[in-house]
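Thanks, everyone. Have a look at the model on the screen, and I'll walk you through a few spots.

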Amino acid sequence: MSVMQLCGVCSEHVPKYRCPSCRIRYCSVSCFKRHKDDDSCHPVKESDPASSSSTPVTSAEQPWTVEDLLDEDSQTDKVPLQKLQQLGGSEALKGLLRNPHLRRLMMSVDSAEDKARAMKHAMQEPLFVEFADQCLKIIEPTETENDDDDDEF
């Protein structure tokens with residue numbers, strides 16, 4: 001059993017995110033802003049020996065990587081390969097993705113500088129909400145959905 005970590009800023013909630021500069025874990029946008037405003041962010045140096053630069057890599061110089069968002073200590077943040085394959089094989093998702101408006105929304109979120117703001121805007125669109133709900137049904141099915149799946153066999 002692993003020890004539950006708390007937000008490195010407020011020490012109240014379970015952290016969901018990691019600062020791309022200093023790698024501190026935080027739970028919300030407000031904690032991230034507080035962390036940045038307090039000048040407590042001290043970028044860590046890249047541990048890659050192939051890197052010729054001795055200066056730290058900040059989020060402004062390099063986009064976030066999967067490792068910035070997900071680390072080996074927090075398995076709960078990762079979607080298992082089986083679930084990703086289920087997403088890829090979902091006819092319901094494929095049907096939704098045929099809609100050019102949904103594809104444009106997804107591309108705008110993906111290419112946005114402020115992804116949180118873009119996501120908030122996209123979640124105002126019923127089609128995007130339907131897509132997100134369908135993804136969540138596959139990734140985190142409820143007990144009744146699990147029971148329904150058992151009845152089919």
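Start with Glu91 and Lys94. They sit three residues apart in helix 4 (residues 91-97), so about one helical turn separates them. An α-helix has 3.6 residues a turn, so residues three or four places apart point the same way. Helices here are DSSP runs of H or I, at least four residues, numbered from the N terminus; strands are runs of E, at least two. The two side chains form a salt bridge, 3.6 Å from N to O. That term means a side-chain nitrogen of Lys or Arg within 4 Å of a carboxyl oxygen of Asp or Glu. By this rule, the count is one salt bridge.

A word on the basis. This is a predicted model, where local features need pLDDT of at least 70, side-chain atom pairs count only at pLDDT 80 or more, and totals for chains, interfaces and linings use all residues. Residues are numbered from 1 along each chain as its sequence is written, and side-chain values use heavy atoms, with hydrogens and water left out.

How exposed is Glu91? Glu91 has 53% relative accessibility and counts as exposed. Lys94, at 34%, is partly exposed. The cut-offs: buried is under 20% relative accessible area, exposed is over 50%, partly exposed is in between, with a 1.4 Å probe and protein chains only.

Next, helix 5. Asn99 caps its N-terminal end, with a side-chain oxygen 2.7 Å from the backbone nitrogen of His101. Which residues of helix 5 are buried? Leu102, Leu105 and Val109. Seen down the axis, the buried residues fall within an arc of 60°, so they line one face of helix 5. That arc is taken from the directions from the helix axis to the C-beta atoms. The face turned away carries the exposed Arg104, Met107, Asp110 and Ser111. The buried residues pack against helix 4, helix 6 (115-122) and helix 7 (126-139).

Now the largest nonpolar core. By that I mean buried Ala, Val, Leu, Ile, Met, Phe, Trp, Tyr and Cys residues joined through side-chain atoms within 4.5 Å. It has 15 residues; those touching the most other members include Leu87, Leu102, Phe128 and Cys135. Helix 4, helix 5, helix 6 and helix 7 each supply at least two residues of this core. Helix 7 gives the largest share, six residues. Cys135 touches Leu87 and Leu93, leaving out residues up to four places away in sequence; contact means heavy atoms within 4.5 Å. Another core, of nine residues, lies apart from this one, and Cys7, Val9, Cys10 and Cys22 are among them.

Notes:
Polar contact = N/O pair within 3.5 Å; in protein donor to acceptor, adjacent residues only side chain to side chain.
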